[in-house]
Amino acid sequence: MSCQCHLVGGPFIAEDPDCAVHGTAATRRDREVEELKACAQREDDPARLREIIDELAYIATNIY
Ligand SMILES: [Zn+2]
């Protein structure tokens with residue numbers, strides 16, 4: 001099923017803020033995942049890497 005984001009003549013000028021793919025929460029979640037990935041790539045401390053994995057798992061299992 002497709003959303004109505006960026007649909008010409010649709011109900012939203014840009015994107016639906018509640019859209020699961022393009023909405024506010026989804027955009028914030030994508031940014032957090034990107035930041036955590038960047039941290040993991042330059043992290044050498046195994047304890048800190050485990051924390052990053054925990055954070056990613058939390059984000060993946062909490063669709064907000
Ligand atoms: Zn959308």
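Arg29, Glu32, Val33, Leu36, Cys39 and Ala40 of α1 meet Leu49, Ile52, Glu55, Leu56 and Ile59 of α2. Contact here requires C-beta atoms, placed from the backbone, within 7 Å. The residues of this contact comprise eight nonpolar, no polar and three charged. Ala, Val, Leu, Ile, Met, Phe, Trp, Tyr, Cys and Pro count as nonpolar; Asp, Glu, Lys and Arg count as charged; the others, Gly among them, count as polar. The structure is a predicted model: local features need pLDDT of at least 70, side-chain atom pairs count only at pLDDT 80 or more, and totals for chains, interfaces and linings use all residues. Residue numbers start from 1 along each chain as its sequence is written.

Helix α1 covers residues 24-42, and helix α2 covers residues 46-61. Helices are DSSP runs (H or I, at least four residues), numbered from the N terminus. The two axes come within 10 Å and cross at roughly 160°. Axes are lines fitted to C-alpha atoms over the stretch in contact, with angles from 0 to 180 degrees between N-to-C directions. α1 and α2 are therefore roughly antiparallel (an angle over 145 degrees). The crossing of α1 past α2 is left-handed; that is, the near helix is turned anticlockwise from the far one by less than a right angle.

α2 contains 16 residues. Its first and last C-alpha atoms are 22 Å apart, close to the expected 22 Å at 1.5 Å a residue. The expected span is 1.5 Å times one less than the number of residues. Zero of the 16 residues of α2 are buried, so this helix lies largely in the open. A residue is buried with 20 or more other C-beta atoms within 10 Å of its own, exposed with 12 or fewer, and partly exposed in between.

Aspartate 45 sits in the loop between α1 and α2. It counts as exposed because it has 9 C-beta neighbours inside 10 Å. Aspartate 45 and alanine 20 are 25 residues apart in sequence, and their C-alpha atoms lie 34 Å apart.

Two residues were examined in the segment before α1. Glycine 23 belongs to this segment. With 16 C-beta neighbours inside 10 Å, glycine 23 is partly exposed. Leaving out residues up to four places away in sequence, glycine 23 touches Glu15, Asp16, Pro17 and Asp18. Its C-alpha is 8.9 Å from that of cysteine 5, 18 residues away along the chain. Histidine 6 also lies in the segment before α1. Although not a glycine, histidine 6 has a positive phi of about 55°. Histidine 6 has 12 C-beta neighbours inside 10 Å and so counts as exposed.

Technical notes: Angles under 35 degrees count as roughly parallel, over 145 as roughly antiparallel, 65 to 115 as roughly perpendicular and the rest as oblique. Two residues are in contact if their C-beta atoms, placed from the backbone, lie within 7 Å.
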